[in-house]
Amino acid sequence: MAKKYAEWVIRYKIFIVILSIVVVMMMGFGAQYLTFTNDYRVFFGEDNPQLVAFENLQDTYSKNDNVMFVLVPEDGDVFTNQTLEAVAWLTERSWETPYSSRVESLTNYQHTSAVEDDLLVEDLAFEPGDLSASELARIRDIALNEPVLINRLISPIGHVTGVNITIELPGIDPIVENPEVVEFIRSLREEFRQIYPDIGVKLTGIIMMNQAFPEASQYDMSTLFPLMLLVFVGVLFFWVKGLSGTFATFVIIIFSIVGAMGLAGWFGIALTPPSFAAIMIIPTMAIADSVHVLMNYVLAMQRGEDKHEAMVDSIRINMQPVFLTSVTTAIGFLSMNFSDAPPFRDLGNIVAMGVMVAFALSVTFLPAVMMLLPGKVKVRETTSSQAMGRFAEFVIARRSKLLLGMGLACIVLISFVPKNELNDDFVKYFSEKIEFRRDADFASENLSGLYMIDYSLESGLDGGVSDPGFQKNVEKFADWYLGQPEVINVNVITDTFKRLNRSMHGDDQSWYKLPEERELSAQYLLLYEMSLPYGLDLNNQINIDKSATRMTAMLRNMTTKTVLSLELRAQKWLKDNVPVSMQNAGASPIIMFSNIGERNIKSMLLGTSVALVLISIILIIALKSVKIGLISLIPNLIPAALAFGAWGIAVGQIGLALSIVTGMTLGIVVDDTVHFLSKYLRARREKGLDAQDAVRYAFNTVGLALIVTSVVLIAGFFVLTFSAFQLNSNMALMTGVTIIFAIVADFLLLPPLLMALDGKEQANA
Amino acid sequence: MLNRNSMIAVILSLVLLPTLALAQSAEQKGLEIALAAKAFDQGFADFTANMRMTLKSRNGATSTRLIRIKTLEVEADGDRSLSIFDEPADVKGTAMLTFSHGLEPDDQWLYLPALKKVKRISSRNKSGPFMGSTFAFEDLGSQEVEKYTYKFLREEPCGDWQCYVIERKPAYQYSGYTSQTAWLDKKGYRVVKVEYFDRKKALLKTLTASNFQQYLGLYWRPGKMEMVNHLNGKSTTLEWTDYQFKTGLSDRDFRAQALKRLK
């Protein structure tokens, strides 16, 4: 049947080439609907509990998406006329930022003080250009002793300061809104640099992180993608031996990408760095099918067949295995749909589509176009297949020792799998090639970080934030929190109450304590609120019926494991020390990212199991043998286990990126097994060979192609390890390692297994 | 006296406005409308009213405050007003006295019953949220003509009425806004809608006023005002009841020292 099909394809070659191009173009038109997401929230499903908790908190108080200007005066002193003037200038201009709702800086910090019997609320540095040395010293003294400012807007030694802009993105057209803010911020930075060349400016904050996602993808696209294509052309030209084959395969790569990305557009998938990685994974997948078809075609011509005969022969023996491997690869990628993080679902779906497009083209466009292109191959015995033959003899001769040795090696390596612990660091999602990563690192080392946890502390009664009992509990919690080694700053309302109490008592430091009566607190608050300017209100800290307050803890940059352990301790403290109404889980982006690794591993475990069962059933049916199907489980599963074992020794930390690798590589490593086993079984059944000869036959027909496709895959994923997005590079590294183990297992473990388990039966089994 | 003056102003403006409009610049016409509106309301002497303020957050939670307002008309300066807070309970008895001035910062005092002291609020800021609401003090304070520069934009229907649409730019340096667009109905100069634009010139808030009633056959007051903040999704509704005009209040009732003795 496959033979008839192949002849049909060759007869209508021109029609098929044209039809392929038309269909791919139609799919490709969908690319116009592709958009780049720039919102970190895309990593979380809509019903992700940590996301829901965080959204609720933001609805109750205010959003805390932000941009932070980090100002670094060259002379190392923020408290000079020139620098404070620069801060004031930037603060004033920052109000023009699109969607901004709040601008906070050292200069517009609302300082409260007592003047005779009155409460004075004013900018800490008003018209700072005219301040005298003693006024500057006074401002320095206030700022460096103010818990609200220290480690947030001013460094403890006063050498770096921040201007923080709170942004409320309306979320109507997210594709436009975030870049709009960033564009304004960057042009403002340019303007600032022109006027104040002696002050360094860095940019951090959630908005900048959002922007880094598409920018990381653009970096990959402009640097890695061309490199990857170059590597592939080199590999192909070397192995496929001929311009025609290389050209045809190159066209298939491009068509598969165009087709898959176009379909993604038609389906309305929004691109993120993980899903954009599809553009680099599809070529590695697409290339394998063509390599198998072309290599058997070249081998047949070397045996002396003409072009047509050789192609019909190649399609005949490759149709089933190429189809099978494409389906199993697609299933492996589709298993990502179990992921908790939507970008990985998209990645899986886009690659799966690309794989199927590549398959379709490999059995239509490829044979057709090869007949149209010139191509001659000399009749000869190639050295590489001689080498393959020698290798087969080696494996057959040493089969018992190999089985034992490989078995032992596997056990040793797999024993290191438990050494992996779940850990991640979400600022490190971006490599240092990305400006945001460098700026965020600088900010976290010198001023403040992106790592925050918010707690909504509820009193349970209207106006309860003024209740002395509640305030004492809040203060205790804040004090406990500040005592934790991971914490650099705690922003809490009780500091404001203490400050007001002091100002109401003539700035007497001994009154820097919580008011003792509820009415007094409430009335201080009323007075204070009346005195605040636009955008510096308390809505971000107190809810509307004043029954609850938000406390924000700022942490050093740290791994997800540390974050989770801190939150666990915080929850225990709350449970042991305060009423139930105050015992709310911490919420923030870092809490979300800290949980998603574990959630994802759990969901992917299920996804991978489903994929494994499906793939095994397909193999059993296709290979028409339960026994061989079950034997295939070993080389299919072992590579991932070995890779995690090796990772356990070398790295020891797995995060979001690696949670998807097993499902994804499963579909890829199965290919090698399928090709090897289908040739092995063909030899056993059609040619009546025994297990040893069948292994010999399999090595000779498919060994080289397997090495070539593995080299292509490893090269492809190796290029991807240079991605500006760490999730992609870790995933690529792990996948590459898995593929190396897969080819080792297929060559050194599977044949001895077959000879041991399948060898004793009759050849016509 | 006041009354007669204001009546003359009203009649004059009503007669002159349409004819002047032909030859005027948009700025002049805007100013005329503002002056006419002021004239229309002049002479109320004083009024008292109760205000129920309902705050609504993005997720629909609400919270209520009750405030009594007393206002004294002052010629040639901003009005004086007294706000007495009845709810929430923990601020009951707190009273705020405001002498509003055109371009100078207002004088403000707050009496805190828990402290038994009157505190002067020394701040340039009028743009912060009033009691945590979406209203700024700036939006609620008396609207003196010299607080803005004006520009007539157009006339258009507003609900059942015809409205002047004018742009007003705050002359006060520390205002939270760059401009406002106000809709005033042509018959009674009632402010039915105001759009507030923030420092990035984006629409920040919209005020809509409704349920207007005329008192003493002259003075229109809204029964309901709603202020929506478009940036953060919060809104605040003010419901006004028990309006009483010409109750006989005087300077003596609007003194900082008198705050302590209020009930």
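Let's start with two helices in chain A. Helix H15, residues 399–414, packs against helix H22, residues 626–650, at an angle of about 50°. Their axes lie 8 Å apart. Keep in mind that this is a predicted model. Those two values, angle and distance, are how a pair of packed helices is described.

So what do we call the arrangement of H15(A) and H22(A)? They are oblique to each other.

Who makes the contact? From H15(A) come A:Cys410, A:Leu413 and A:Ile414. From H22(A) come A:Ile638, A:Ala641, A:Leu642, A:Gly645 and A:Ala646. By class, that is 7 nonpolar residues, 1 polar and no charged.

Helix H10 covers residues 278–302, and helix H25 covers residues 691–720. They pack at about 165°, with axes 9 Å apart. How do they run relative to each other? H10(A) and H25(A) are roughly antiparallel, because angles over 145 degrees count that way. The crossing of H10(A) past H25(A) is right-handed.

The contact here draws on several residues from each helix. H10(A) gives A:Met280, A:Pro283, A:Thr284, A:Ile287, A:Ala288, A:Val291, A:His292 and A:Met295. On the H25(A) side, the residues include A:Leu704, A:Val708, A:Val712 and A:Phe717. The tally for this contact is 13 nonpolar, 4 polar and no charged residues.

On to the sheets. Strands of a sheet pair through backbone hydrogen bonds, either parallel or antiparallel.

Take the four-stranded one in chain A. The sheet is open, its order is E3-E6-E2-E7, and the pairing is antiparallel. Which strands stand at the edges? Strand E3, residues 100–104, and strand E7, residues 199–204, of chain A. Each has a single partner strand, so one side of each is left without a neighbour in the sheet. Neighbouring strands here are turned by 20° against each other on average, ignoring direction.

E3(A) and strand E6 of chain A, residues 161–167, run antiparallel and are joined by 4 bridges. A:Ser100 has A:Ile167 in E6(A) as its bridge partner.

Helices sit against this sheet too. Helix H4 of chain A, residues 81–94, packs on the sheet and touches E2, E3, E6 and E7 of chain A. The direction of H4(A) makes about 5° with that of E6(A). Helix H16 of chain A, residues 435–446, lies across E2 and E7 of chain A. H16(A) runs at about 105° to E7(A).

Next sheet, still chain A. It is open, with 3 strands in the order E10-E12-E11, and the pairing is antiparallel. Strand E10, residues 452–458, and strand E11, residues 487–491, are its edge strands, and each pairs on one side only.

E11(A) pairs with strand E12 of chain A, residues 548–555, over 4 bridges. Within that pairing, A:Asn491 has A:Thr552 of E12(A) as its bridge partner.

Let's zoom in on one residue of strand E11(A), A:Val487. Is A:Val487 buried or partly exposed? It is partly exposed, with 18 other C-beta atoms within 10 Å. A residue needs 20 or more to count as buried. Setting aside neighbours within four places in sequence, A:Val487 is in contact with A:Tyr481, A:Leu482, A:Ala553 and A:Leu555. A:Thr562 is 75 residues away from A:Val487 along the chain, and their C-alpha atoms are separated by 11 Å.

Over to chain B. Strand E3 of chain B, residues 80–87, has 6 of its 8 residues buried, so it is largely enclosed by the rest of the structure. It pairs with two strands that we can look at here. Strand E2 of chain B, residues 62–72, pairs with E3(B) in the antiparallel sense over 7 bridges. B:Arg68 stands opposite B:Ile84 in E3(B). Strand E4 of chain B, residues 95–99, also runs antiparallel to E3(B), joined by 5 bridges. There, B:Ser83 has B:Met96 of E4(B) as its bridge partner.

Last stop, the contact between the chains. How many residues take part? Chain B gives 32 and chain A gives 40. On the chain B side, strands E5 (107–112) and E6 (117–122) each supply at least two residues. E6(B) makes the largest share of that side, with 4 residues. By class, the chain B side has 14 nonpolar, 12 polar and 6 charged residues.

Definitions and conventions: Residues are numbered from 1 along each chain as its sequence is written. Chains are lettered from A and ligands numbered from 1 in the order in which they are written. This is a predicted model: local features need pLDDT of at least 70, side-chain atom pairs count only at pLDDT 80 or more; totals for chains, interfaces and linings use all residues. Two residues are in contact if their C-beta atoms, placed from the backbone, lie within 7 Å. Ala, Val, Leu, Ile, Met, Phe, Trp, Tyr, Cys and Pro count as nonpolar, Asp, Glu, Lys and Arg as charged, and the others, Gly among them, as polar. Two strands pair if DSSP finds at least two bridges between them. Axes are lines fitted to C-alpha atoms, for helices over the stretch in contact, and angles run from 0 to 180 degrees between N-to-C directions. Angles under 35 degrees count as roughly parallel, over 145 as roughly antiparallel, 65 to 115 as roughly perpendicular and the rest as oblique. A crossing is left-handed if the near helix is turned anticlockwise from the far one by less than a right angle, and right-handed if clockwise. A residue is buried if 20 or more other C-beta atoms lie within 10 Å of its own, exposed if 12 or fewer, and partly exposed in between; C-beta atoms are placed from the backbone.
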